[in-house]
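Thanks for making the time this morning.

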Amino acid sequence: MTPSQTPQPSLQIDRYERGWMIAAIVLLATFALAVTVAGAAMGIQLPAPELRVNPQTVASEGPFAQPGVRELAPGRYEAYIMSQTWLFIPREIKIPKGSEITLYVTSKDVQHGFKLEGTNINMMVIPGQVSRLTFRAEKPGTYNFICHEYCGLGHAAMFGTLIVTE
Amino acid sequence: MTAITSTTAVPAAPVARPATYALSATEKRLVGLNVLVAVLALFIGSLFGPLQALEHARVDLYPLLQPLLKSYYQGLTLHGVLNALVWTTFFITGFFTLTIPFALRRPLAAPKLNWAGFIVQTLGLLTAAVPILLNQASVLYTFYPPLQAHFTFYVGLTLVVVGSWIQGYGFYITFYRWRKDNPGVRSPLMALGSVITMVLWQIATLGVAVEILTQLLPWSLGLLKGVDPQLNRTYFWFTGHPLVYFWLLPAYVSWYTMLPKQVDGKLFSDALARFAFWLFLFLSVPLGFHHQYVDPGVPPMWKYIHAILTYAVAFPSMLTAFTVIASLEVGGRARGGKGLFGWIPALPWRTPSVNHQLLAGILFFLGGIGGIVNASYNVNLVVHNTAWVPGHFHLTVASAVTLSFMGIAYWMVPHITGRTLWAPKLAVIQGWVWFVGMLIFATAQHRVGLLGAPRRTPLGQAPYVPASWQPWTFLTAIGGVILFVGVILFVVIILVTVLRKPAHPSQVPAIPEAEALQDPQLTPAWLDRWAPWLVATVALILIAYGPQLIYQIANMSNTSPGFNNIW
Amino acid sequence: MAGPESHSEGEFHPRGTVAVLVIFAVTLAVLWGSIYLILVSQGATMP
């Protein structure tokens, strides 16, 4: 290193602090790696753009005109769920244990939320958009899906039920 | 590697820095008025906190307030807007009206501009208050469309933001003049950190400005039939996450440049403190999609990029943790603390301002951990929009930030009013009341959130609440009530202090100003230059937001009409 | 780790800070890990 005519101070870091900086980066990188593995190898993924709809007509045309559950193949289901102030249609979904179900959710009015207890199904429900996630129902039981975004006075009453039968 | 030791020639400052600077009467008035509005907002906004917390434990007091307040959500809107937006913004502009002239040792260059900013900000607050109080804007502080507030709500919010910009311009001019008059001198960290915070705010608020001016305002006026809710969320969170750094960085200014002095310590590293502030400017904005991990309209690849950038912005906070704690350790050891941990009890915990900021730091450890969980891409599925989230931000904005601001107020209000603090022992207790209340409240909210309880929901009315949530909703109420006692004590202490007789000038607390262990002139010049950091900041925002913003705007679909009669 | 240092006298080493931050880092790793385990136990969203 050849010094220039005026010496410029260089960045000095205490070696303890340097150690902490490295530790912090290693820790954060570990977290980043772990979430990448959960996404890429374990299939725990986030909602992706699915379909744009017109919230003013979505209740009368297209797949959400008749919300409900359909069996696509043995053990393979899909459900179209309409969110509106302040209920989900349908309010109750029944599927047998071990089946895989894809949930499509939209809203015909304001923003809502959709969280299915005991699973990683957690989606914003936004007018104009369709939210989609899939999961496998392993354990029989009754699970609530709850609206988790403020949607007006009756928000606290907005929920539905998924029943996994034997 | 050339090591610079203290024998190396320090580039001499051409003009000796004055030892101190006494704020002018007009500066003191500006600080005081900003802080007055802030404390009033904190007081009024906090009245609703315990009502919400008690509701969760099925003690619903809102019906008793019927003539004044129509619903839980009107109360929640007041709580969020006044505490998260108004208390913070006004306190910050007030605090910087003190830090910038003081650190630069020169008066505000354009005090009329700062006055104009304050007036616009206050008019905005009053304008927005009317529809909120009339239950015409119970849309919470995120005001997600197609919930539609009365147009005066959007006008008022815009004026608050524009007012804070104008106060910022007053700061920039003052800072710029100082730079011109002091070539080659490292800008004082206290002023640099303050101005970086305001620049960050200026850039960040462009998102919400575009949201209001191009979508919400014309729509609420009937000029636009519909809006695009997904696009508005993207605009909102462009502002919404850097907003938290706008709240947090003033606390960091105090932790780095004031608190070390208050504990008889010195700033451990001037260079790394600057580095942290620049990194916040660089990284705070381009990561808003981490609030939209479960939005349907944002591609996962962009969510992932913002997740990585969010991990990156955790780094300057972890750096801050080291530098600030090491500065405290310098003080604790100077005060006789021995051993690995003995310097901690040696700190002046009986000084209210110090006590509060130490407790703020402890709670911020927990808040930071929760924040990293939230930021962690798919891990967010576990906690998104559950009660975990309000638990988290009560540890950050309502603890790290609010407790620090209270601690600052305990010397700043006496300083600008020429009083001594009333009941300093009670002030210390007040900090502990807040700390204990927050530990209970935040623990309960995090736990009930993990069990699946949604946020923003009057759980007392919800038909689906299982027995397993109830111990936690009960503790939420207990914590909320204790916090309420804490905030009332704070307001009373400040009020009585202001109403006391003026004290002898020698008794009035001075502005704490910490020295660094190493002369700031030895800090590398690249840590005191604006151009490269500003260019890098804009470039990163364009890379991380540009493609999605262009895509979402090009595919805008204004099909959502407003809903304004559903609360 | 905390052996006597051979630096010039008066030089300050923030050993206590390192100790506090080690506690913080361990707490962070444990709490973060516990939430990550909840995530993994709740299964895939796109099997």
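In which sense do β6(A) and strand β9 of chain A pair, and over how many bridges? Before I answer, please keep in mind that this is a predicted model. The pairing is antiparallel, and β6(A) and β9(A), the latter covering residues 141-146, are joined by two bridges. Within that pairing, Leu116(A) stands opposite Phe145(A) of β9(A).

Because five of the five residues in β6(A), which spans 112-116, are buried, the strand is largely enclosed by the rest of the structure.

Let me stay with chain A and turn to its backbone. Most peptide bonds are trans, and most residues other than glycine have a negative phi. Against that background, the bond from Thr85(A) to Trp86(A) is cis, with omega near -10°, and Trp86(A) sits in the loop between β2 (76-84) and β3 (87-89) of chain A. A further cis bond runs from Ile89(A) to Pro90(A), with omega near 0°, and Pro90(A) belongs to the loop between β3 and β4 (92-96) of chain A.

Chain B has backbone angles that I would also inspect. Tyr377(B) is not a glycine, yet its phi is positive, near 45°; this residue lies in the loop between α12 (352-375) and α13 (380-383) of chain B, and, with a relative accessibility of 9%, it counts as buried. Arg456(B), likewise a residue other than glycine, has a positive phi near 55°, and its place is the loop between α15 (424-450) and α16 (470-499) of chain B. At 10% relative accessibility, Arg456(B) counts as buried too.

Now to the charged pairs. Over all chains, a search of the whole structure finds 17 salt bridges, and I will pick out a few. In chain A, the side chains of Arg132(A) and Glu50(A) meet at 2.6 Å, N to O. Arg132(A) is in strand β8 (residues 131-136) and Glu50(A) in the loop between α1 and β1 (68-73), so this pair ties together parts of chain A that are 82 residues apart in sequence. Arg132(A) is partly exposed at 23% relative accessible area, and Glu50(A) is partly exposed as well, at 33%.

In chain B, Lys266(B) forms a salt bridge with Glu515(B), with 3.5 Å between the closest N and O atoms. This pair links distant parts of the chain, 249 residues apart, with Lys266(B) in the loop between α9 (259-262) and α10 and Glu515(B) in the loop between α16 and α17 (530-554). Lys266(B) is partly exposed at 32%, whereas Glu515(B) is exposed at 52%.

How far apart are the closest N and O atoms of Asp270(B) and Arg274(B)? They are 2.7 Å apart, in a salt bridge. Because these residues are four positions apart in helix α10 of chain B, they are separated by about one helical turn.

Leu33(A), Val37(A), Met42(A) and Val40(C) make a nonpolar patch of about 310 Å². Leu33(A) is in helix α1 of chain A, residues 15-40, and it is exposed, with a relative accessible area of 58%.

Definitions and conventions. Residues numbered from 1 in each chain as written. Chains lettered and ligands numbered in written order. Predicted model: local features only at pLDDT ≥ 70, side-chain atom pairs only at ≥ 80, totals over all residues. Heavy atoms only, no water. Patch = residues over 30% accessible without salt bridge, like charges linked within 9 Å, V, L, I, M, F, W, Y side chains within 5 Å. Areas by Shrake-Rupley, 256 points an atom, 1.4 Å probe, with all protein chains shown as cover. Salt bridge = Lys/Arg side-chain N within 4 Å of Asp/Glu carboxyl O. Buried < 20%, exposed > 50% of the residue type's maximum accessible area, 1.4 Å probe, protein only. Pairing = 2+ DSSP bridges.
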